[in-house]
Amino acid sequence: MAEAACPEQEPEVLRLKRLRGGGFFPVPPGDRLGRCRSVKEFEKLNRIGEGTYGIVYRARDTQTDEIVALKKVRMDKEKDGIPISSLREITLLLKLRHPNIVELKEVVVGNHLESIFLVMGYCEQDLASLLENMQTPFSEAQVKCIILQVLKGLQYLHENFIIHRDLKVSNLLMTDKGCVKIADFGLARAHGVPLKPMTPKVVTLWYRAPELLLGTTTQTTGIDMWAVGCILAELLAHKPLLPGSSEIHQIDLIVQLLGTPNENIWPGFSKLPLVSQYTLRKQPYNNLKHKFPWLSEAGLRLLNFLFMYDPKKSSYFKEKPLPCEPELMPTFPHHRNKRAAPASAGAEGQGKRGKP
Ligand SMILES: Nc1ncnc2c1ncn2[C@@H]1O[C@H](COP(=O)(O)OP(=O)(O)O)[C@@H](O)[C@H]1O
Ligand SMILES: [Mg+2]
């Protein structure tokens, strides 16, 4: 258990430097935080994901035999310390407890101060790699089952004043028991009332709401609802709904699908910061019905609803086929584990920093 990274081992020597006046002051044992376990207590089994902010391993907790996900926290090369995105992820996730939100069990440390890992409940699938590897699309009953769980998780987040800001299929996990969990809180933010301006560049392009593309600085929970609309459509069609290749292209795809917005249907639209920079194509129709000719009225209403307001009153989930129970979700092959195990299974992983 002895760890170089846990100096609490020698309580008498813990002193902090004074910011004013120089010298040191002792930190009494009662004021110190608890000790983190070492990542050495986990056996890395294989790499399962590698996104923008970190490497994720499937691992075994050697103390309990439990299978977990270990996410290595990316460190800022330029600045010392933990990047703000990881700090946000840790502080938010530690407070959140919900069946449809990924569970952060604890934070563990490696040999160096800059190696920190999140230990999370393991989910056998993420929807991105699952969709990639599935031969047949999800049934409508399964799509409803997944989206309902996403909405439950999201309702919990929104009730707690948290906007996820990066919902997409690769950030939705699923267990072999059919339980869907929202993951990756690297961009999530707690918001206050009234809403304060935030950085507009959030949410992967394909799932980005039009107000973000048009430069809004007051972000609402509506940006997550928009992303859920994109995800629902993607699950139903078995392909991404709006795969834009640039911001201009993304806006154009939205306009082609839903019609040109105007001040009547979207009050405040013409005052958005970037509206004058774009010449939107004139498209008077909503083409969702043409894109999903087989989808019921309620299904189309929900999609249109997600691309605007709150979905809670929709009847889509109450008509046949009814959403299947999570237990009735099929168990899918574990495609991600077929990839090679890490070359060095050492406790420090690949020691890779920055963006992979
Ligand atoms: N708790 C988990 N269980 C199983 N797989 C996970 C878990 N957390 C993350 N992953 C996998 O790792 C990938 C990247 O993790 P994520 O948290 O989204 O980080 P990033 O910010 O790098 O995108 C996910 O898309 C998923 O495949
Ligand atoms: Mg991710």
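**View 1. A five-stranded open sheet in a predicted model.** The strand order is S3-S4-S5-S7-S6, and the pairing is antiparallel. Strand S3 (42-50) and strand S6 (104-109) form the edges. Each of these two pairs on one side only. On average, neighbouring strands are turned by 30 degrees against each other, direction ignored.

**View 2. Helix H1 on the sheet.** Helix H1 spans residues 84-95 and packs on the sheet. The helix touches strand S5 (67-72), S6 and strand S7 (116-121). Its direction makes about 140 degrees with that of S6.

**View 3. The pairing of S3 with S4.** Strand S4 covers residues 55-61. Seven bridges join S3 to S4, and the two run antiparallel. One bridge partner pair is Phe42 and Asp61, the latter in S4.

**View 4. Lys71 in strand S5.** The unreviewed UniProt entry annotates Lys71 as "binding site". Lys71 has 11% relative accessibility, so this residue counts as buried; the cut-off is under 20%. Beyond its neighbours within four places in sequence, Lys71 is in contact with Ile55, Val56, Glu89, Ile116, Phe117, Leu118, Met120 and Asp184.

**View 5. The protein donors of the magnesium ion (ligand 2).** Asn171 sits in the loop between strand S9 (162-163) and strand S10 (172-174). Asp184 sits in the loop between strand S11 (180-182) and strand S12 (189-190). The pair therefore ties together parts that are 13 residues apart in sequence. Asn171 and Asp184 are both buried. Asp184 is also among the contacts of Lys71.

Key: Residues are numbered from 1 along each chain as its sequence is written. Chains are lettered from A and ligands numbered from 1 in the order in which they are written. This is a predicted model: local features need pLDDT of at least 70, side-chain atom pairs count only at pLDDT 80 or more; totals for chains, interfaces and linings use all residues. Side-chain values use heavy atoms; hydrogens and water are left out. Donors are N, O and S atoms within 2.8 Å of the metal (3.2 Å for Na, K and Ca); water is not among the atoms, so sites may look incomplete. Helices (H or I, at least four residues) and strands (E, at least two) are DSSP runs, numbered from the N terminus. Buried means under 20% relative accessible area, exposed over 50%, partly exposed in between (1.4 Å probe, protein chains only). Two strands pair if DSSP finds at least two bridges between them. Axes are lines fitted to C-alpha atoms, for helices over the stretch in contact, and angles run from 0 to 180 degrees between N-to-C directions. Contact means heavy atoms within 4.5 Å. UniProt positions are given in the numbering used here, feature names are shortened, and annotations may be inferred rather than shown by experiment.
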